[in-house]
4 protein chains.
Amino acid sequence: MLVVMQAHATEEQVRGVCQKIEALGYRAHAIPGAERTAIGITGNKGEIDPGSLEEIAGVQEVIRVTKPYKLVSRDIKAENSVIRFPGSDATIGGPTLAIMAGPCAIESRDQAFAIAERVSRAGAQFFRGGAYKPRTSPYSFQGLGEEGLRIMAEVRENFGLRTITEAIDNESLELVEQYADIIQVGARNMQNYSLLRRAGRSKRPVMVKRGMSATLEEFLMAAEYVMSEGNYNVILCERGIRTFADHTRNTLDLSVIPAVQRLSHLPIIVDPSQGTGKRNKVTPLSRAAVAVGADGLIIEVHHRPDQALSDGMQSLYPDQFDELMSQIRQIAPVVGRKVSVAGLNATTGLAGVETPGSDRAVNF
Amino acid sequence: MLVVMQAHATEEQVRGVCQKIEALGYRAHAIPGAERTAIGITGNKGEIDPGSLEEIAGVQEVIRVTKPYKLVSRDIKAENSVIRFPGSDATIGGPTLAIMAGPCAIESRDQAFAIAERVSRAGAQFFRGGAYKPRTSPYSFQGLGEEGLRIMAEVRENFGLRTITEAIDNESLELVEQYADIIQVGARNMQNYSLLRRAGRSKRPVMVKRGMSATLEEFLMAAEYVMSEGNYNVILCERGIRTFADHTRNTLDLSVIPAVQRLSHLPIIVDPSQGTGKRNKVTPLSRAAVAVGADGLIIEVHHRPDQALSDGMQSLYPDQFDELMSQIRQIAPVVGRKVSVAGLNATTGLAGVETPGSDRAVNF
Amino acid sequence: MLVVMQAHATEEQVRGVCQKIEALGYRAHAIPGAERTAIGITGNKGEIDPGSLEEIAGVQEVIRVTKPYKLVSRDIKAENSVIRFPGSDATIGGPTLAIMAGPCAIESRDQAFAIAERVSRAGAQFFRGGAYKPRTSPYSFQGLGEEGLRIMAEVRENFGLRTITEAIDNESLELVEQYADIIQVGARNMQNYSLLRRAGRSKRPVMVKRGMSATLEEFLMAAEYVMSEGNYNVILCERGIRTFADHTRNTLDLSVIPAVQRLSHLPIIVDPSQGTGKRNKVTPLSRAAVAVGADGLIIEVHHRPDQALSDGMQSLYPDQFDELMSQIRQIAPVVGRKVSVAGLNATTGLAGVETPGSDRAVNF
Amino acid sequence: MLVVMQAHATEEQVRGVCQKIEALGYRAHAIPGAERTAIGITGNKGEIDPGSLEEIAGVQEVIRVTKPYKLVSRDIKAENSVIRFPGSDATIGGPTLAIMAGPCAIESRDQAFAIAERVSRAGAQFFRGGAYKPRTSPYSFQGLGEEGLRIMAEVRENFGLRTITEAIDNESLELVEQYADIIQVGARNMQNYSLLRRAGRSKRPVMVKRGMSATLEEFLMAAEYVMSEGNYNVILCERGIRTFADHTRNTLDLSVIPAVQRLSHLPIIVDPSQGTGKRNKVTPLSRAAVAVGADGLIIEVHHRPDQALSDGMQSLYPDQFDELMSQIRQIAPVVGRKVSVAGLNATTGLAGVETPGSDRAVNF
């Protein structure tokens, strides 16, 4: 159910409707749009009676949402959602492409800084890096843990980059939300509903990667899990699906980008590193991702890929990343986007960077 | 690495080798076989020096295991592993097929008892039922939680059935291991490594269901995660993979049964209910699963499938389950198996059933 | 459209309806059933007006068939179709399982005879072998061509086995129908509609193998192509589909057997050799195929698999085939089937075997 | 095997080597490159002895090609192959993107002309349209046949567009090569080796579409079949593969473009109409295809998609095609390509267009 408020409804009226909904045992999600506020009603109690809401002051109409995804849908919000980061120009979902780059795993302060310096200079606004690595083998390198998060926080402070890193369970999520700007839920955990709910109770934006065999609907429902708990800052990420094709590690499904954008107001970015698993495919598929209309890219970059502790084969050299940035800078305008000016972050310094853990605007 | 002990090595010698291994910073897994004990060495510190171990009293040889799966492999244990349950004749992996049956979700005491009575009478030794349901939508019925577990414990007490139910996170796992005999890790969590590790620290046997897009190696590695923490009572379960085929909900991959059995000593059972998603396919595919050589079946049975809160479409009626049992009873001998005598559990009563939560033998 | 005749309609009345249909520019397919004859109407002229047919003597009713498959469907014929071979007891689709065995490719008279002798003795009634091999590489062995067909005809004469071999184009089909009993259309040609139509104009039964990525509907529509040309003796064959799974060459989809049997009256058999690509998987999956309810098996057998010119890796040794036959002999009764007595064909001699090329009954 | 000639080897020397090869019972394929000629040796007789060739005048070295694809490989020709069409500026594989557009099926002269006028004006150099349609149902519209080809020839004459249309068997291929410029082998026939061989004996360029479940290697081997018969003008086309994903009809695998380009000198284009099956996905995926580096596009355009006899749902309106052309015109330079000037073909008239059926240069 969706309550559409009148264009001039007051905040108090919105609050009143929300209280009424919650009094009935449901959850209310007030979502301000460009022209009016919509209030999503969720819960698994069965359907609410529209009559009891239509009478309340400020309500324009009550609409039944028949799709399984509610808060994710454009029904509740027609405009694109833009995720903002206070103290930074970085956005996700706006006219500037969100470029996230960095190593697969944080290995040391030196490694992280060496890479951060290069990707920042090339124009990335976000630094990626794994502190908790979900590995197929229990005997493989599992990441530096909190030590890795601390290094990322230093990168953040020194280069003015926003950071994104994966949480693999409630314990790591608690740390990730302290140290980083965006919480990543990985492909293997896309249907780890317990983790999605926990992320939904965080104040940090959450990026949900598509599971290897997730349909479009399942992908959107994973985001719905996060939003149903009240965290509306969700980013989706296509990272390749599993098929019979064996020339790439996964098959990057770029058609999901326009498919998501038709149905949902949430931003969606592309990971061509995981999506192909091969360095020589990353740049062409990055160009394609921008051309198809993605809201951004997340790219693995390593200054010494042959020595990387994980996924070196798919990491770009910094020079290749420079070249990639130069190419997408030319493609972006065709789809009404731009790419942030190279080196801007590095030079603006850190004056405006707030302490990790402080409150950030929740934009929806 | 694998330390093979001499045939007549003493327990003390085994202990000595284990202590030496752990002193070097690795983990030792002593696995008694029919003729000798083997000690698996795991850890992600890099490789141990075989020289330092070969000299110890009782050691016959030290072998490098090149496959990514170590403890799961037949290299460490040639014979099939049989999971036993003290106070019960039920086994998994032995000559008697392990038959697990029950509703998708526990809905009420009456429902659970009505179904348990029928499946027990038909010859099932295990009662399945979900208390924590991983649902695609946050707004769908999510299971009764601990209340559901309590009902399962009552079923256990009243019908002498061993119980199996899914844990979806550390919190629910803690409860599941208190109330039930087997902890299930579902397909969506097959690569939730945090949960697998936690299950590996439990004393209960763990059943790991194959992920929807898991390769054979990834499937075995999920079991390896559990075993690497010291829990060697692992059961695998094929439940269908995701393909383009649309006449069933998933494509049941029966070829994985002999493939697993070649490589691993662990038992593997089949879930034709999830594996097909259609009631009329469950019986034929159950017959096929037994014929292919599976160690057991897990089947959804509901006395009123049309009123089931989840997955009614794929649940058998109790009469259909009776018929299925009668059919597999005839097929089992062809593959050197038998099916437990119908109604045995129900009539033997509960004299020998220990309190849930008590210690059970860990057999490997 | 489907014209259902009255139970006591005369042959002349059936003929009358057919003439009327063809006069209207459609094709009429008179299909005798157990109790009544049904007449399928096909053509791509748009729909026929039922009114003009309902008035004709002997017509009971005119039914619109909304499914895309018409002649294949149980709507037109409720009972299972049984393919018969005059001068032989061999059937496909009846209570006796149809067992087809032989080498992947015919390599020489000696090879074919050595294998035929063994599979005949073990109870196979059909001899398989490729004379025209569709190979991924143009530089691989492509089969002996007509020479191979001549050898198969000799096998037929000497062992009383019915023969099945693949046609890859119109030219080879013309020869295959002269020399062999069943024309096989391979998986790679399942949507070669020109070849299917040509097979539909043959008097020989046609076995259509499922394409590697064919849905159930596409599979049935391939059979419909053959039937639409007037050849109603069609056998379907599941041979594995392409998925991400890499432990077998293809993923054998046994759930398609009951799915086909629900919708269609046509017999369906299973090819576990192609379906797994691995010798050690053939016997378990053969057992499973019989248990699931398939109408038969087609198995690769070679007396010297290591020297085979193609697919030796997946061919059974004759002793393994003996063992397989013994196992399925025990499973067959559970699904209301039997397996032909071992060696029967070989001993009955050839008295009743008609010359290849003579007319055979077309049973539907 | 591959014979590399010296840089200054004479034509006569090349001929001498070819004669020697053919005298030994193999087939010789002389492929002129930018700096030297290479001669591919094919045949399935087993390997040729290099010694007998190394001695011949003009030979520099003899190299074993270990990959299964030989003539397709960059081993035999390092530079990109460019397909040219005498009497036309149109090329495939060169710096100008090859843009093919037109209806799914030719329905009438009026329809074809209306669409040709628009796509020609927008800058397409090739007109696509089906005269023989491979349809899943035998009762669906199967194309106009030769009548359709005649209409295409008229389009060719009137608009100066080169034409491409599908052949589905030897009979239709014979007609297609008379009327059209490029013979298309469809996805369903990618492993119809008989048809591929026949296309290999044609003088027309052949476009091979990727099968729905074809691996990269199988795709290249299909082209190898054509080339092994002496036709070196082969174009590859990605048109989507079959996966579990259900938001598009097929999953367009753009990563195959750089993968093919690494291994093969053949041009590869993309079909986003078939590849997505949805009109609203065609433009974004077309942009992506150009950005990834494809050599061209083949797009379905229809002036009245709602009335189309096949695949109207995925056909662009002419105005949408104009917009698409305008977008890719901006992206092309980033990958070193350009798009032919809009309307050029239409205005240059037909002076230079040779009679269909006349000889054309075979460029390799």
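Y232(D) lies in chain D, in the loop that runs between α7 (216-228) and β12 (234-238). The model is a predicted one. With a relative accessible area of 11%, Y232(D) is buried, because buried means under 20% relative accessible area. Along the sequence Y232(D) is 28 residues away from R204(D), while in space the two are 9.6 Å apart, C-alpha to C-alpha.

The loop between α7 (216-228) and β12 (234-238) of chain B also holds a charged residue, E229(B). The side chain of E229(B) meets that of R197(B) in a salt bridge, at 3.1 Å from N to O. This pair links distant parts of the chain: R197(B) sits in helix α6 (residues 193-200) of chain B, 32 residues from E229(B). E229(B) counts as buried, at 16% relative accessibility. A salt bridge also connects E229(B) with R201(B), with 3.5 Å from N to O. Here too distant parts of the chain are linked, as R201(B) belongs to the loop between α6 and β11 (206-209) of chain B and is 28 residues apart from E229(B). Another case of shared partners is found in chain A, where salt bridges join R118(A), D319(A) and D322(A) into one network.

Side chains of opposite charge can pair when their charged atoms come close. Over all chains, the count comes to 80 salt bridges. One of these is formed in chain A by R150(A) and E147(A), whose closest N and O atoms are 3.2 Å apart. How far apart are R150(A) and E147(A) in helix α4 (residues 146-159) of chain A? They are 3 residues apart in that helix, so about one helical turn separates them. R150(A) is partly exposed, with a relative accessible area of 39%, and E147(A) is partly exposed as well, with a value of 40%.

Charged residues of chain A also form a negative surface patch, made up of D49(A), E54(A), E55(A) and E61(A).

The next point concerns the backbone. Most residues other than glycine have a negative phi. D311(B) is not a glycine, yet its phi is positive, at about 55°. In chain B, D311(B) is found in the loop between β14 (296-300) and α11 (318-331), and at 24% relative accessibility it counts as partly exposed. For D311(D), phi is likewise positive at about 55°, although D311(D) is not a glycine. D311(D) is in the loop between β14 (296-300) and α11 (318-331) of chain D and is partly exposed, with a relative accessible area of 24%.

Finally, the chains can be compared as copies. Two copies of a chain are related by a rotation about an axis and a shift along it.

Definitions and conventions
Residues numbered from 1 in each chain as written. Chains lettered and ligands numbered in written order. Predicted model: local features only at pLDDT ≥ 70, side-chain atom pairs only at ≥ 80, totals over all residues. Heavy atoms only, no water. Patch = residues over 30% accessible without salt bridge, like charges linked within 9 Å, V, L, I, M, F, W, Y side chains within 5 Å. Areas by Shrake-Rupley, 256 points an atom, 1.4 Å probe, with all protein chains shown as cover. Salt bridge = Lys/Arg side-chain N within 4 Å of Asp/Glu carboxyl O. Lys, Arg positive; Asp, Glu negative; His and termini not counted. Charge placed at Lys NZ, Arg CZ, Asp CG, Glu CD. Helix = DSSP H or I, 4+ residues; strand = E, 2+ residues; numbered from the N terminus. Buried < 20%, exposed > 50% of the residue type's maximum accessible area, 1.4 Å probe, protein only.
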